[in-house]
Amino acid sequence: MLRAIALTLEQSGSASDAELARHFAAAEAHERAAHYFTLAAQRAQARFENAEALVFFRAALEHEPRADARVALYEGLGDVLSITRRSEDALREYDAALEIATDTLTRARVTRKQGDVYQVL
């Protein structure tokens, strides 16, 4: 029943990413919930709604099973925390991303971001 409601809302195009994420989460459709929480986090981040972005990134992490997507979520959390001058927290999220990142480019990008945070400490 909950999944059917979520799918109907998704097809209607009338629900926000956050609403869709919550409905898919309630229906235990974890990958779709993670997808919509990630979109909601990115939209909030783009609008500098940092507190909201943090909530959505963390919610996405609760539902995202894929390691590559988790890396991006940890990186997104680190980015928001860095902007809000929560440097120690940002470094922890970047560390979490590096623990599971496998490709060289991603590892280099996250390591550079860590360096940027250390410069302002």
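Me: Is R85 buried or exposed?
Reply: This is a predicted model, and in it R85 counts as exposed because its relative accessibility is 61%, above the 50% cut-off.

Me: Where is R85 found?
Reply: R85 sits in the loop between α5 and α6.

Me: What is its phi?
Reply: R85 is not a glycine, yet its phi is positive, at about 65°. As background, most residues other than glycine have a negative phi.

Me: In which loop does E28 lie, and what is its phi?
Reply: E28 belongs to the loop between α2 and α3, the latter covering 30-46. The phi of E28 is near 60°, which is a positive value in a residue other than glycine.

Me: And is E28 buried or exposed?
Reply: E28 is exposed, with a relative accessible area of 60%.

Me: Let us step back. How many helices and strands does the protein have?
Reply: There are seven helices and zero strands. Along the sequence the pattern reads α-α-α-α-α-α-α.

Me: What about overall dimensions and burial?
Reply: Taken along the principal axes, the C-alpha atoms fill a box of roughly 50 × 30 × 20 Å. The protein has 121 residues, and 43% of them are buried.

Me: What share of the contacts comes from residues 24 or more positions apart?
Reply: Among contacts with a separation of 6 or more, such residues account for 40%.

Me: Now the packing. How do α5 and α6 pack?
Reply: Helix α5 (residues 67-83) and helix α6 (residues 87-100) have their axes 8 Å apart and pack at an angle of about 165°. The two are therefore roughly antiparallel to each other. Their crossing is left-handed.

Me: Which residues make that contact?
Reply: On the α5 side they are A67, R70, V71, Y74, E75, L77, G78, D79, L81 and S82. The α6 side contributes S87, D89, A90, E93, Y94, A96, A97 and I100.

Me: What kinds of residue are they?
Reply: The contact of α5 with α6 divides into ten nonpolar, three polar and five charged residues.

Me: Staying with α6, how far does the helix reach?
Reply: From its first C-alpha to its last, α6 reaches 21 Å with 14 residues. That is close to the 20 Å expected at 1.5 Å a residue.

Me: Which of its residues are buried, and what covers them?
Reply: The buried residues of α6 are S87, A90, L91, E93, Y94, A96, A97 and L98. What covers them includes α5 and α7, the latter spanning 104-120.

Me: Which residues are involved?
Reply: In α3 they are H30, E31, A33, A34, F37, T38, A40, A41, A44 and Q45, and in α4 they are E52, A53, F56, F57, A59, A60 and H63. The contact of α3 with α4 divides into eleven nonpolar, four polar and two charged residues.

Me: What is H63 in contact with?
Reply: Apart from its neighbours within four places in sequence, H63 is in contact with A25, H30, E31, A33, A34 and F37.

Notes: Residues are numbered from 1 along each chain as its sequence is written. This is a predicted model: local features need pLDDT of at least 70, side-chain atom pairs count only at pLDDT 80 or more; totals for chains, interfaces and linings use all residues. Side-chain values use heavy atoms; hydrogens and water are left out. Axes are lines fitted to C-alpha atoms, for helices over the stretch in contact, and angles run from 0 to 180 degrees between N-to-C directions. Helices (H or I, at least four residues) and strands (E, at least two) are DSSP runs, numbered from the N terminus. Angles under 35 degrees count as roughly parallel, over 145 as roughly antiparallel, 65 to 115 as roughly perpendicular and the rest as oblique. A crossing is left-handed if the near helix is turned anticlockwise from the far one by less than a right angle, and right-handed if clockwise. Contact means heavy atoms within 4.5 Å. Ala, Val, Leu, Ile, Met, Phe, Trp, Tyr, Cys and Pro count as nonpolar, Asp, Glu, Lys and Arg as charged, and the others, Gly among them, as polar. The expected span of a helix is 1.5 Å times one less than its number of residues. Buried means under 20% relative accessible area, exposed over 50%, partly exposed in between (1.4 Å probe, protein chains only).
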